[in-house]
Amino acid sequence: MEMGVKARKKAITKKLKKGASDFSASSASKDEAREFLPLEGGPAQKLPKTEVRENKATVLYIGRIPHGFYENEMEGFFKQFGTIKRLRIARNKKTGKSKHFGFIEFESPEVAKVVAETMHNYLLFEHLLQVQLIPPEHVHPRLWKGVNRWYKPLDWVKIERKRQDKERTLDDHKKLVEGILKRDKKRRKRIEAAGIDYECPEMVGSIQAAPKKIRFDAD
């Protein structure tokens with residue numbers, strides 16, 4: 001009697017194990033060919049297979065760079081993560097001042113990913129840095145043009161001084177005086193339109209003697 005009970009228990013447990021294995025196999029096959037019904041209606045569709053892309057981005061965009069945190073400071077700070085290949089800060093072509101954003105390239109994609117995750121929204125000199133990875137296909141081919149050439153801003157004071165001190169012919173001097181008188185006339189009209197009772201001094205540039213730097217044309 002006892003032998004019959006044990007045999008039945010073994011048979012039941014064997015069937016349960018076999019049913020569980022069959023159920024797991026069928027559920028796995030269903031997961032491979034899983035389907036979903038679109039919200040707009042229509043026949044069921046298979047889910048598209050998503051491929052895991054390998055991270056190859058090594059270039060980072062860095063925004064909201066604070067004043068005083070320039071190329072040397074940026075290189076000294078970020079080289080603690082890994083080897084830096086290139087970096088640049090966008091600057092104004094006329095003044096040479098920073099535009100407060102730049103780019104940095106690391107040798108290893110893993111290091112670039114760690115920097116993006118670590119330094120994004122990092123508080124630096126009361127500025128929250130904005131650090132984003134740039135995919136290789138989105139990197140502009142001229143991004144690193146002239147990266148090793150330090151930009152020397154133009155001396156606009158010297159350029160303007162040279163323009164003002166250049167030699168002028170009589171016609172150039174006449175045009176200069178006419179422009180001054182024209183601007184003075186517009187200023188007088190604006191003062192009158194504002195209802196201000198003010199007597200503007202007369203311009204005497206047109207009756208002054210010719211300046212010393214006038215070049216006379218040879219006849």
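Reader: Patches are made of residues with over 30% relative accessible area and no salt bridge, with like charges joined within 9 Å and nonpolar side chains (Val, Leu, Ile, Met, Phe, Trp, Tyr) within 5 Å, so which residues form the positive surface patch here?
Author: Lys182, Lys185, Lys186, Lys189 and Arg190 form that positive patch. Lys and Arg count as positive, Asp and Glu as negative, while His and the chain ends are not counted; each charge is placed at NZ of Lys, CZ of Arg, CG of Asp or CD of Glu. This is a predicted model, in which local features need pLDDT of at least 70 and side-chain atom pairs pLDDT 80 or more, while totals for chains, interfaces and linings use all residues. Residues are numbered from 1 along each chain as its sequence is written, and side-chain values use heavy atoms, leaving out hydrogens and water.

Reader: Where is Lys186 found?
Author: Lys186 belongs to helix α5, residues 170-193 (helices, H or I of at least four residues, and strands, E of at least two, are DSSP runs numbered from the N terminus). Its relative accessible area of 48% makes Lys186 partly exposed, because buried means under 20%, exposed over 50%, and partly exposed in between (1.4 Å probe, protein chains only).

Reader: And Asp184, is that buried or exposed?
Author: Asp184, also found in helix α5, is buried at a relative accessible area of 5%.

Reader: Which residues form the nonpolar patch?
Author: Leu176, Ile180, Leu181 and Met203 form it, with about 280 Å² of accessible area together, by the Shrake-Rupley method with a 1.4 Å probe and only the protein chains shown as cover for residues. Ile180 is in helix α5 and is partly exposed at 32% relative accessibility.

Reader: Changing topic, how many salt bridges are there in the whole structure?
Author: The search finds six, each being a side-chain nitrogen of Lys or Arg within 4 Å of a carboxyl oxygen of Asp or Glu. One of them pairs Arg91 with Glu71 at 3.0 Å, N to O; Arg91 lies in strand β4 (residues 84-91) and Glu71 in helix α2 (residues 71-78), 20 residues apart.

Reader: Which residues are linked in a network?
Author: Lys85, Arg86 and Glu105 are linked by salt bridges. Glu105 meets Lys85 at 3.8 Å, N to O, and its closest approach to Arg86 is 2.7 Å between N and O atoms. Glu105 is in strand β5 and Arg86 in strand β4, 19 residues apart. Glu105 is buried at 7% relative accessible area, whereas Lys85 is partly exposed at 48%.
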